[in-house]
Amino acid sequence: MYDLVIRNVRVIDGTSAPWFRGWVGVKDGVIAAVGTGSAPGDARETVDGEDCCLTPGFIDIHAHSDTRLQGCPTAESRILQGVTTEIGGLCGLSVAPVNPDPERTKQLRDYVGDLAYNWETIGQYLDILEGVKTSTNFGTAVGHGTIRVAAMGFDARPAEPAEMETMKALLRQSLEDGAFCLSSGLIYPPGCYADTDELAELCKELVPYGAYYETHMRDEGEGVVEAVKESLEICRRSGAPLQISHHKVTRKSVWQVHCKTTIALIDQARRQGLDVQADQYPYSASATTLDSNAPLWAFEGGVEKLLARLQDPELRQRINAEANASHVGRWGDIYIPYVATEKNAWTVGKSIQEIAEIRGVDPADACFDLIVDERCRVGEVNYGMCEEDIEYIMSQPYTMIGSDGEAASLDHSGQPHPRWYGTFPRVIAKYCRERKLFSLETAIFKMTGLPAARLGLQHRGLIREGMQADLVLFDFDEIEDTPTYQNPKQPCKGIRRVYVNGVLTALDGVHTGARNGSILRKGRNT
(Lines give C-alpha, C1' and ligand atoms only; values in the text may rest on other atoms or scores of the structure.)
Protein backbone atom coordinates (compact mmCIF):
# COMPACT_ATOMS: atom_id res chain seq x y z
CA MET A 1 0.00 0.00 0.00
CA TYR A 2 1.28 3.46 -0.90
CA ASP A 3 1.08 6.29 1.58
CA LEU A 4 0.19 8.65 -1.26
CA VAL A 5 -0.78 8.40 -4.91
CA ILE A 6 -0.98 11.49 -7.09
CA ARG A 7 -2.86 10.55 -10.25
CA ASN A 8 -4.07 12.24 -13.42
CA VAL A 9 -0.98 14.43 -13.77
CA ARG A 10 1.43 15.51 -16.49
CA VAL A 11 4.69 14.09 -15.16
CA ILE A 12 7.71 16.27 -15.97
CA ASP A 13 10.51 14.17 -14.56
CA GLY A 14 13.37 16.70 -14.37
CA THR A 15 15.52 15.17 -17.13
CA SER A 16 14.17 17.48 -19.89
CA ALA A 17 12.43 14.46 -21.47
CA PRO A 18 8.89 15.06 -22.82
CA TRP A 19 6.11 15.00 -20.26
CA PHE A 20 3.66 12.10 -20.04
CA ARG A 21 0.30 11.54 -18.36
CA GLY A 22 0.61 9.27 -15.41
CA TRP A 23 0.71 8.83 -11.65
CA VAL A 24 3.26 8.72 -8.85
CA GLY A 25 3.15 6.56 -5.73
CA VAL A 26 4.96 7.53 -2.53
CA LYS A 27 5.92 5.28 0.37
CA ASP A 28 7.88 6.34 3.48
CA GLY A 29 8.82 9.68 1.91
CA VAL A 30 10.28 8.04 -1.21
CA ILE A 31 8.92 7.75 -4.75
CA ALA A 32 7.98 4.08 -4.87
CA ALA A 33 6.45 3.93 -8.33
CA VAL A 34 5.92 6.03 -11.45
CA GLY A 35 3.31 4.76 -13.85
CA THR A 36 1.01 5.41 -16.76
CA GLY A 37 -2.55 4.22 -17.22
CA SER A 38 -4.80 3.57 -14.25
CA ALA A 39 -3.40 4.46 -10.84
CA PRO A 40 -3.60 1.91 -8.00
CA GLY A 41 -6.57 2.38 -5.72
CA ASP A 42 -5.17 1.09 -2.42
CA ALA A 43 -3.24 4.17 -1.25
CA ARG A 44 -3.82 5.74 2.14
CA GLU A 45 -4.36 9.03 0.33
CA THR A 46 -5.12 9.63 -3.33
CA VAL A 47 -4.88 13.09 -4.89
CA ASP A 48 -6.46 13.87 -8.25
CA GLY A 49 -3.94 16.13 -10.00
CA GLU A 50 -6.62 17.37 -12.44
CA ASP A 51 -4.19 17.22 -15.39
CA CYS A 52 -1.78 19.66 -13.70
CA CYS A 53 2.00 19.38 -13.93
CA LEU A 54 3.84 17.26 -11.39
CA THR A 55 7.56 18.01 -11.19
CA PRO A 56 10.45 17.41 -8.81
CA GLY A 57 10.74 20.02 -6.07
CA PHE A 58 12.72 23.02 -7.23
CA ILE A 59 16.36 23.14 -6.16
CA ASP A 60 17.66 26.62 -5.38
CA ILE A 61 21.39 26.29 -5.99
CA HIS A 62 22.08 29.86 -4.89
CA ALA A 63 20.44 31.10 -1.69
CA HIS A 64 21.36 32.83 1.55
CA SER A 65 19.05 31.18 4.05
CA ASP A 66 21.82 30.03 6.40
CA THR A 67 21.41 33.22 8.47
CA ARG A 68 17.60 32.94 8.45
CA LEU A 69 16.54 29.34 8.98
CA GLN A 70 17.03 29.29 12.73
CA GLY A 71 14.56 32.17 13.07
CA CYS A 72 12.28 31.16 10.18
CA PRO A 73 12.44 27.37 9.82
CA THR A 74 9.15 27.20 7.89
CA ALA A 75 10.75 29.28 5.11
CA GLU A 76 7.50 30.41 3.48
CA SER A 77 9.39 32.40 0.86
CA ARG A 78 10.98 29.18 -0.32
CA ILE A 79 8.18 26.65 0.06
CA LEU A 80 5.37 28.75 -1.42
CA GLN A 81 7.25 29.11 -4.72
CA GLY A 82 7.98 25.39 -4.91
CA VAL A 83 11.55 25.34 -3.58
CA THR A 84 12.13 22.16 -1.59
CA THR A 85 15.96 22.16 -1.50
CA GLU A 86 18.32 25.11 -1.18
CA ILE A 87 22.04 25.71 -0.84
CA GLY A 88 23.34 28.55 1.36
CA GLY A 89 26.72 30.00 2.20
CA LEU A 90 27.24 31.54 -1.23
CA CYS A 91 29.09 34.67 -2.39
CA GLY A 92 31.88 33.94 0.08
CA LEU A 93 29.46 34.42 3.01
CA SER A 94 28.99 31.28 5.09
CA VAL A 95 28.25 31.14 8.82
CA ALA A 96 31.20 28.81 9.47
CA PRO A 97 34.03 28.14 10.09
CA VAL A 98 34.22 30.46 13.10
CA ASN A 99 37.41 31.56 14.80
CA PRO A 100 36.46 31.64 18.53
CA ASP A 101 38.70 34.64 19.14
CA PRO A 102 36.18 37.37 20.19
CA GLU A 103 37.54 39.94 17.74
CA ARG A 104 37.34 37.54 14.80
CA THR A 105 33.88 36.37 15.85
CA LYS A 106 32.71 39.97 15.95
CA GLN A 107 34.15 40.58 12.50
CA LEU A 108 32.22 37.57 11.21
CA ARG A 109 29.03 38.73 12.93
CA ASP A 110 29.38 42.16 11.32
CA TYR A 111 30.21 40.58 7.96
CA VAL A 112 27.71 37.72 7.66
CA GLY A 113 24.89 38.27 10.14
CA ASP A 114 24.01 38.76 13.79
CA LEU A 115 23.86 35.14 14.95
CA ALA A 116 24.92 33.37 18.14
CA TYR A 117 27.94 31.66 16.51
CA ASN A 118 27.88 28.99 19.20
CA TRP A 119 29.58 26.68 16.71
CA GLU A 120 33.00 26.62 15.10
CA THR A 121 32.72 24.22 12.16
CA ILE A 122 30.32 23.64 9.28
CA GLY A 123 29.49 20.27 10.83
CA GLN A 124 28.55 21.78 14.19
CA TYR A 125 26.38 24.40 12.50
CA LEU A 126 24.56 21.75 10.46
CA ASP A 127 24.01 19.69 13.61
CA ILE A 128 22.33 22.70 15.26
CA LEU A 129 20.21 23.36 12.19
CA GLU A 130 19.17 19.70 12.14
CA GLY A 131 17.71 20.19 15.60
CA VAL A 132 15.71 23.19 14.42
CA LYS A 133 13.77 21.07 11.90
CA THR A 134 13.32 23.07 8.71
CA SER A 135 10.64 22.90 6.04
CA THR A 136 13.20 22.81 3.21
CA ASN A 137 16.11 20.49 2.63
CA PHE A 138 19.24 22.57 3.23
CA GLY A 139 22.92 22.23 2.39
CA THR A 140 25.72 24.76 2.42
CA ALA A 141 28.84 25.99 0.73
CA VAL A 142 31.84 27.18 2.72
CA GLY A 143 32.66 30.83 2.10
CA HIS A 144 36.14 31.96 1.09
CA GLY A 145 35.48 35.29 2.82
CA THR A 146 34.50 33.51 6.02
CA ILE A 147 37.62 31.33 5.88
CA ARG A 148 39.75 34.44 5.32
CA VAL A 149 38.16 36.17 8.34
CA ALA A 150 38.97 33.15 10.50
CA ALA A 151 42.58 32.99 9.27
CA MET A 152 43.57 36.63 8.89
CA GLY A 153 40.65 38.96 9.54
CA PHE A 154 40.07 41.87 7.16
CA ASP A 155 43.68 42.51 6.23
CA ALA A 156 44.01 43.89 2.69
CA ARG A 157 47.06 41.90 1.66
CA PRO A 158 48.12 38.52 0.27
CA ALA A 159 48.00 35.64 2.71
CA GLU A 160 51.26 34.57 4.34
CA PRO A 161 52.27 30.91 3.84
CA ALA A 162 51.12 29.98 7.36
CA GLU A 163 47.78 31.72 6.78
CA MET A 164 47.34 29.83 3.52
CA GLU A 165 47.89 26.57 5.33
CA THR A 166 45.30 27.59 7.92
CA MET A 167 42.79 28.42 5.17
CA LYS A 168 43.45 25.11 3.44
CA ALA A 169 42.94 23.21 6.68
CA LEU A 170 39.67 25.04 7.38
CA LEU A 171 38.51 24.33 3.83
CA ARG A 172 39.33 20.63 4.10
CA GLN A 173 37.52 20.38 7.43
CA SER A 174 34.46 22.07 5.92
CA LEU A 175 34.47 19.66 2.98
CA GLU A 176 34.82 16.72 5.36
CA ASP A 177 31.78 18.12 7.21
CA GLY A 178 29.72 18.05 4.01
CA ALA A 179 30.08 21.48 2.36
CA PHE A 180 29.15 21.24 -1.32
CA CYS A 181 31.55 23.85 -2.68
CA LEU A 182 33.87 26.75 -1.94
CA SER A 183 32.15 30.07 -2.63
CA SER A 184 33.76 33.45 -3.20
CA GLY A 185 32.44 37.00 -3.15
CA LEU A 186 35.10 39.04 -4.89
CA ILE A 187 33.28 42.36 -4.70
CA TYR A 188 33.09 42.05 -0.91
CA PRO A 189 35.84 42.44 1.69
CA PRO A 190 37.77 40.46 2.72
CA GLY A 191 37.38 38.15 -0.30
CA CYS A 192 38.22 41.01 -2.65
CA TYR A 193 41.69 41.25 -1.10
CA ALA A 194 42.61 37.77 -2.41
CA ASP A 195 44.42 37.42 -5.72
CA THR A 196 44.02 34.78 -8.42
CA ASP A 197 46.92 32.73 -7.03
CA GLU A 198 45.29 32.40 -3.61
CA LEU A 199 41.95 31.32 -5.08
CA ALA A 200 43.50 28.81 -7.47
CA GLU A 201 45.60 27.28 -4.70
CA LEU A 202 42.56 26.89 -2.43
CA CYS A 203 40.46 25.43 -5.24
CA LYS A 204 42.97 22.59 -5.69
CA GLU A 205 41.70 21.30 -2.34
CA LEU A 206 38.23 20.80 -3.86
CA VAL A 207 39.21 18.21 -6.42
CA PRO A 208 39.61 15.14 -4.16
CA TYR A 209 36.17 15.84 -2.67
CA GLY A 210 34.35 16.22 -5.98
CA ALA A 211 33.39 19.74 -4.91
CA TYR A 212 33.21 22.80 -7.13
CA TYR A 213 34.15 26.48 -7.00
CA GLU A 214 31.28 28.99 -6.98
CA THR A 215 32.06 32.65 -7.57
CA HIS A 216 30.41 36.00 -7.30
CA MET A 217 32.97 37.41 -9.69
CA ARG A 218 35.20 40.42 -9.16
CA ASP A 219 33.15 42.60 -11.53
CA GLU A 220 29.71 42.26 -13.10
CA GLY A 221 29.72 45.60 -14.92
CA GLU A 222 32.15 47.03 -17.43
CA GLY A 223 34.84 44.63 -16.20
CA VAL A 224 32.73 41.48 -16.39
CA VAL A 225 34.72 39.99 -19.30
CA GLU A 226 37.98 40.18 -17.36
CA ALA A 227 36.19 38.74 -14.30
CA VAL A 228 35.04 35.73 -16.32
CA LYS A 229 38.58 35.28 -17.64
CA GLU A 230 39.92 35.24 -14.06
CA SER A 231 37.28 32.70 -13.03
CA LEU A 232 38.18 30.44 -15.93
CA GLU A 233 41.87 30.76 -15.08
CA ILE A 234 41.16 29.57 -11.53
CA CYS A 235 39.25 26.63 -13.01
CA ARG A 236 42.13 25.76 -15.35
CA ARG A 237 44.84 25.97 -12.72
CA SER A 238 43.00 24.08 -10.00
CA GLY A 239 41.07 21.47 -11.97
CA ALA A 240 37.95 22.24 -9.94
CA PRO A 241 34.57 22.67 -11.67
CA LEU A 242 33.42 26.29 -11.92
CA GLN A 243 29.97 27.71 -11.16
CA ILE A 244 29.50 31.37 -12.16
CA SER A 245 26.85 32.74 -9.85
CA HIS A 246 23.94 34.98 -10.85
CA HIS A 247 25.62 35.72 -14.17
CA LYS A 248 24.64 39.17 -15.40
CA VAL A 249 25.87 42.47 -16.81
CA THR A 250 25.07 45.46 -14.60
CA ARG A 251 26.18 48.50 -16.63
CA LYS A 252 24.03 50.03 -19.34
CA SER A 253 27.13 51.03 -21.30
CA VAL A 254 27.87 47.37 -22.10
CA TRP A 255 24.37 45.87 -22.31
CA GLN A 256 23.86 43.40 -25.18
CA VAL A 257 27.61 43.35 -25.82
CA HIS A 258 29.61 41.95 -22.91
CA CYS A 259 27.30 39.01 -22.19
CA LYS A 260 27.88 37.76 -25.75
CA THR A 261 31.61 37.73 -25.00
CA THR A 262 31.29 36.07 -21.58
CA ILE A 263 29.08 33.32 -23.01
CA ALA A 264 31.54 32.81 -25.86
CA LEU A 265 34.36 32.47 -23.33
CA ILE A 266 32.37 29.90 -21.33
CA ASP A 267 31.49 27.96 -24.50
CA GLN A 268 35.15 27.93 -25.54
CA ALA A 269 36.23 26.72 -22.10
CA ARG A 270 33.66 23.93 -22.19
CA ARG A 271 34.86 22.84 -25.63
CA GLN A 272 38.37 22.71 -24.15
CA GLY A 273 37.15 20.33 -21.46
CA LEU A 274 36.56 22.66 -18.50
CA ASP A 275 33.50 21.98 -16.36
CA VAL A 276 31.88 25.44 -16.32
CA GLN A 277 28.25 26.21 -15.60
CA ALA A 278 26.25 29.21 -14.41
CA ASP A 279 23.13 30.16 -12.51
CA GLN A 280 20.86 33.16 -12.82
CA TYR A 281 17.85 34.86 -11.26
CA PRO A 282 15.16 36.19 -13.64
CA TYR A 283 15.06 39.86 -12.64
CA SER A 284 16.59 43.09 -13.97
CA ALA A 285 17.49 44.33 -10.49
CA SER A 286 20.15 42.92 -8.19
CA ALA A 287 20.24 43.20 -4.40
CA THR A 288 23.00 43.31 -1.82
CA THR A 289 24.14 45.40 1.15
CA LEU A 290 24.27 49.18 0.75
CA ASP A 291 27.86 49.29 1.98
CA SER A 292 28.91 47.66 -1.31
CA ASN A 293 28.89 51.22 -2.68
CA ALA A 294 31.92 52.13 -0.55
CA PRO A 295 35.39 51.74 -2.11
CA LEU A 296 37.03 48.47 -1.11
CA TRP A 297 40.00 50.08 0.62
CA ALA A 298 37.61 51.63 3.15
CA PHE A 299 36.75 48.17 4.54
CA GLU A 300 40.23 47.16 5.57
CA GLY A 301 40.02 46.01 9.18
CA GLY A 302 36.30 45.23 9.02
CA VAL A 303 32.98 46.96 9.53
CA GLU A 304 34.05 49.01 12.57
CA LYS A 305 36.97 50.44 10.59
CA LEU A 306 34.65 51.29 7.70
CA LEU A 307 32.26 53.12 10.03
CA ALA A 308 35.15 55.04 11.57
CA ARG A 309 36.42 56.10 8.14
CA LEU A 310 32.96 57.23 7.11
CA GLN A 311 32.91 59.54 10.15
CA ASP A 312 36.38 60.98 9.51
CA PRO A 313 35.81 64.24 7.53
CA GLU A 314 38.94 63.94 5.39
CA LEU A 315 38.43 60.27 4.57
CA ARG A 316 34.71 60.80 4.04
CA GLN A 317 35.46 63.44 1.42
CA ARG A 318 37.67 60.95 -0.43
CA ILE A 319 35.08 58.17 -0.14
CA ASN A 320 32.31 60.45 -1.41
CA ALA A 321 34.39 61.57 -4.39
CA GLU A 322 35.22 57.98 -5.42
CA ALA A 323 31.63 56.81 -4.99
CA ASN A 324 30.14 59.71 -6.95
CA ALA A 325 32.65 59.16 -9.76
CA SER A 326 31.68 55.51 -10.07
CA HIS A 327 27.94 56.18 -9.71
CA VAL A 328 27.32 58.76 -12.42
CA GLY A 329 23.66 58.32 -13.40
CA ARG A 330 23.23 55.38 -11.02
CA TRP A 331 22.11 56.76 -7.64
CA GLY A 332 18.53 56.91 -8.92
CA ASP A 333 18.59 53.18 -9.68
CA ILE A 334 19.53 52.14 -6.12
CA TYR A 335 16.58 51.62 -3.75
CA ILE A 336 16.39 50.73 -0.05
CA PRO A 337 14.58 47.44 0.73
CA TYR A 338 15.15 47.33 4.50
CA VAL A 339 16.80 49.11 7.42
CA ALA A 340 17.50 47.93 10.94
CA THR A 341 16.04 50.91 12.87
CA GLU A 342 12.70 52.67 12.99
CA LYS A 343 14.48 56.00 12.61
CA ASN A 344 15.16 55.40 8.92
CA ALA A 345 12.12 53.29 8.07
CA TRP A 346 10.88 56.16 5.90
CA THR A 347 13.67 55.42 3.41
CA VAL A 348 12.36 51.94 2.50
CA GLY A 349 11.18 51.88 -1.10
CA LYS A 350 12.97 55.13 -1.99
CA SER A 351 16.05 55.58 -4.16
CA ILE A 352 19.28 57.12 -2.92
CA GLN A 353 18.61 60.05 -5.26
CA GLU A 354 15.16 60.58 -3.69
CA ILE A 355 16.57 60.33 -0.16
CA ALA A 356 19.28 62.86 -1.05
CA GLU A 357 16.71 65.30 -2.43
CA ILE A 358 14.45 64.94 0.60
CA ARG A 359 17.37 65.51 2.95
CA GLY A 360 18.98 68.19 0.80
CA VAL A 361 22.36 66.45 0.68
CA ASP A 362 24.73 64.93 -1.86
CA PRO A 363 23.69 61.37 -2.95
CA ALA A 364 26.94 59.90 -1.59
CA ASP A 365 26.22 61.52 1.77
CA ALA A 366 22.67 60.15 1.71
CA CYS A 367 24.09 56.67 1.09
CA PHE A 368 26.90 56.74 3.64
CA ASP A 369 24.94 58.56 6.35
CA LEU A 370 22.42 55.74 6.14
CA ILE A 371 25.17 53.14 6.42
CA VAL A 372 26.54 54.84 9.54
CA ASP A 373 23.09 55.24 11.12
CA GLU A 374 22.24 51.59 10.50
CA ARG A 375 25.73 50.28 11.25
CA CYS A 376 25.74 48.55 7.86
CA ARG A 377 22.43 46.75 8.50
CA VAL A 378 20.83 48.26 5.40
CA GLY A 379 20.33 46.78 1.94
CA GLU A 380 19.91 47.90 -1.63
CA VAL A 381 17.97 46.88 -4.71
CA ASN A 382 19.81 48.04 -7.81
CA TYR A 383 18.19 48.22 -11.25
CA GLY A 384 21.15 47.43 -13.49
CA MET A 385 20.32 44.74 -16.08
CA CYS A 386 18.40 44.53 -19.37
CA GLU A 387 15.92 41.91 -20.52
CA GLU A 388 17.88 41.02 -23.65
CA ASP A 389 20.91 40.00 -21.59
CA ILE A 390 18.75 38.09 -19.11
CA GLU A 391 17.18 36.05 -21.91
CA TYR A 392 20.47 35.41 -23.68
CA ILE A 393 22.14 34.07 -20.53
CA MET A 394 19.08 32.08 -19.46
CA SER A 395 18.81 30.35 -22.84
CA GLN A 396 22.23 28.71 -22.49
CA PRO A 397 21.96 24.95 -21.84
CA TYR A 398 24.28 25.12 -18.80
CA THR A 399 22.43 27.97 -17.07
CA MET A 400 20.37 26.85 -14.09
CA ILE A 401 18.12 28.91 -11.83
CA GLY A 402 19.16 30.30 -8.44
CA SER A 403 17.18 32.92 -6.56
CA ASP A 404 19.91 34.61 -4.50
CA GLY A 405 17.06 34.85 -2.00
CA GLU A 406 16.50 34.01 1.64
CA ALA A 407 14.10 32.13 3.88
CA ALA A 408 11.47 34.54 5.16
CA SER A 409 7.86 34.67 6.28
CA LEU A 410 5.05 36.53 4.55
CA ASP A 411 5.23 39.23 7.23
CA HIS A 412 8.99 39.73 7.01
CA SER A 413 10.10 43.29 7.74
CA GLY A 414 10.93 45.75 4.99
CA GLN A 415 10.50 45.33 1.25
CA PRO A 416 12.88 42.56 0.15
CA HIS A 417 13.67 41.73 -3.46
CA PRO A 418 10.82 39.70 -5.00
CA ARG A 419 13.33 37.00 -5.97
CA TRP A 420 13.06 35.79 -2.36
CA TYR A 421 9.45 34.77 -3.06
CA GLY A 422 8.90 34.42 -6.81
CA THR A 423 12.00 33.34 -8.75
CA PHE A 424 11.00 29.87 -9.93
CA PRO A 425 7.37 30.55 -10.94
CA ARG A 426 8.63 33.66 -12.78
CA VAL A 427 10.88 31.56 -15.00
CA ILE A 428 7.95 29.28 -15.85
CA ALA A 429 5.33 32.01 -16.31
CA LYS A 430 7.36 34.72 -18.05
CA TYR A 431 10.27 33.09 -19.84
CA CYS A 432 8.72 29.72 -20.68
CA ARG A 433 4.98 30.33 -21.12
CA GLU A 434 4.95 33.96 -22.27
CA ARG A 435 8.32 34.53 -23.93
CA LYS A 436 8.62 30.90 -25.14
CA LEU A 437 12.35 30.98 -24.54
CA PHE A 438 12.38 27.22 -23.99
CA SER A 439 10.00 24.32 -23.37
CA LEU A 440 8.47 23.63 -20.00
CA GLU A 441 10.53 20.44 -19.76
CA THR A 442 13.71 22.51 -20.23
CA ALA A 443 12.58 25.07 -17.65
CA ILE A 444 12.02 22.32 -15.08
CA PHE A 445 15.38 20.72 -15.93
CA LYS A 446 17.10 24.05 -15.17
CA MET A 447 15.42 24.01 -11.74
CA THR A 448 15.77 20.34 -10.82
CA GLY A 449 17.89 17.83 -12.74
CA LEU A 450 20.64 20.28 -13.73
CA PRO A 451 21.34 21.70 -10.25
CA ALA A 452 20.99 18.22 -8.73
CA ALA A 453 23.74 17.00 -11.05
CA ARG A 454 25.99 19.94 -10.22
CA LEU A 455 25.54 19.31 -6.49
CA GLY A 456 25.96 15.56 -6.80
CA LEU A 457 22.51 14.89 -5.31
CA GLN A 458 21.77 11.21 -5.87
CA HIS A 459 18.24 11.10 -4.44
CA ARG A 460 16.68 14.42 -5.45
CA GLY A 461 15.93 16.43 -8.55
CA LEU A 462 14.14 13.74 -10.60
CA ILE A 463 10.83 11.88 -10.53
CA ARG A 464 12.18 8.35 -10.46
CA GLU A 465 11.63 5.31 -8.29
CA GLY A 466 13.91 5.51 -5.25
CA MET A 467 14.13 9.31 -5.24
CA GLN A 468 12.98 11.35 -2.26
CA ALA A 469 9.43 12.56 -2.77
CA ASP A 470 10.11 16.27 -3.16
CA LEU A 471 7.28 17.24 -5.51
CA VAL A 472 5.50 20.30 -6.87
CA LEU A 473 2.01 20.20 -8.42
CA PHE A 474 1.11 23.31 -10.41
CA ASP A 475 -1.24 24.53 -13.11
CA PHE A 476 0.85 25.64 -16.09
CA ASP A 477 -1.84 28.04 -17.31
CA GLU A 478 -2.27 29.67 -13.91
CA ILE A 479 1.20 29.74 -12.38
CA GLU A 480 2.31 33.32 -11.78
CA ASP A 481 5.01 35.14 -9.86
CA THR A 482 2.68 37.44 -7.92
CA PRO A 483 5.52 38.91 -5.76
CA THR A 484 6.55 42.33 -7.08
CA TYR A 485 9.15 44.93 -6.11
CA GLN A 486 6.40 46.98 -4.47
CA ASN A 487 4.63 44.03 -2.83
CA PRO A 488 7.04 41.09 -2.69
CA LYS A 489 5.74 39.16 0.31
CA GLN A 490 3.12 37.04 -1.40
CA PRO A 491 2.64 33.37 -2.25
CA CYS A 492 2.86 32.56 -5.94
CA LYS A 493 -0.31 31.77 -7.85
CA GLY A 494 -1.07 28.41 -9.43
CA ILE A 495 0.98 26.14 -7.17
CA ARG A 496 -1.48 23.56 -5.87
CA ARG A 497 0.74 21.39 -3.66
CA VAL A 498 4.33 21.15 -2.44
CA TYR A 499 5.69 17.98 -0.83
CA VAL A 500 9.01 17.69 1.01
CA ASN A 501 10.19 14.13 1.61
CA GLY A 502 6.63 12.97 1.00
CA VAL A 503 4.95 15.35 3.44
CA LEU A 504 2.46 17.97 2.26
CA THR A 505 4.09 21.31 3.11
CA ALA A 506 2.03 23.79 1.05
CA LEU A 507 -1.56 23.58 -0.17
CA ASP A 508 -2.99 26.20 -2.54
CA GLY A 509 -0.59 28.92 -1.44
CA VAL A 510 -0.82 28.21 2.29
CA HIS A 511 1.99 26.64 4.33
CA THR A 512 0.78 23.59 6.26
CA GLY A 513 3.30 24.07 9.07
CA ALA A 514 5.15 20.88 8.18
CA ARG A 515 8.89 20.88 8.85
CA ASN A 516 10.08 17.68 7.21
CA GLY A 517 13.21 18.92 5.48
CA SER A 518 16.57 17.18 5.69
CA ILE A 519 19.96 18.74 6.38
CA LEU A 520 22.19 17.69 3.50
CA ARG A 521 25.88 16.90 3.74
CA LYS A 522 27.73 16.20 0.51
CA GLY A 523 28.65 12.57 0.11
CA ARG A 524 26.52 11.35 2.99
CA ASN A 525 22.74 11.81 2.69
CA THR A 526 22.48 13.35 -0.75
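I began with an open sheet of three strands, ordered 14-16-15, in which the pairing is antiparallel. I took helices (H or I, at least four residues) and strands (E, at least two) as DSSP runs numbered from the N terminus, and I counted two strands as paired if DSSP finds at least two bridges between them. The edges are strand 14 (285-289) and strand 15 (334-335), each of which pairs on one side only. I then looked up strand 16 (residues 379-383), which is joined to strand 15 by two bridges and runs antiparallel to strand 15. Opposite isoleucine 334 I found asparagine 382 of strand 16.

I noted that this is a predicted model, in which local features need pLDDT of at least 70 and side-chain atom pairs count only at pLDDT 80 or more, while totals for chains, interfaces and linings use all residues. Residues are numbered from 1 along each chain as its sequence is written, and side-chain values use heavy atoms, with hydrogens and water left out.

I traced the pairing of strand 11 on to its partners. Strand 10 (residues 181-185) pairs with strand 11 in the parallel sense over five bridges, and serine 183 has glutamate 214 as its bridge partner. Strand 12 (residues 242-244) also pairs with strand 11 in the parallel sense, over three bridges; there glutamate 214 is partnered by glutamine 243.

I looked up glutamate 86, placed in strand 7 (residues 83-88). Why does glutamate 86 count as buried? Its relative accessibility is 0%, and therefore it counts as buried. Leaving aside neighbours within four places in sequence, its contacts (heavy atoms within 4.5 Å) include Asp60, Arg78, Asn137 and Ala407.

My last entry concerns tyrosine 117, in the loop between helix 2 (102-112) and helix 3 (122-132). Tyrosine 117 counts as buried because its relative accessibility is 7%. Not counting residues up to four places away in sequence, tyrosine 117 touches Val95, Val98, Thr105, Leu108, Arg109 and Val112. I also found the backbone oxygen of glycine 113 at 2.7 Å from a polar atom of the tyrosine 117 side chain.

Methods
Buried < 20%, exposed > 50% of the residue type's maximum accessible area, 1.4 Å probe, protein only. Polar contact = N/O pair within 3.5 Å; in protein donor to acceptor, adjacent residues only side chain to side chain.
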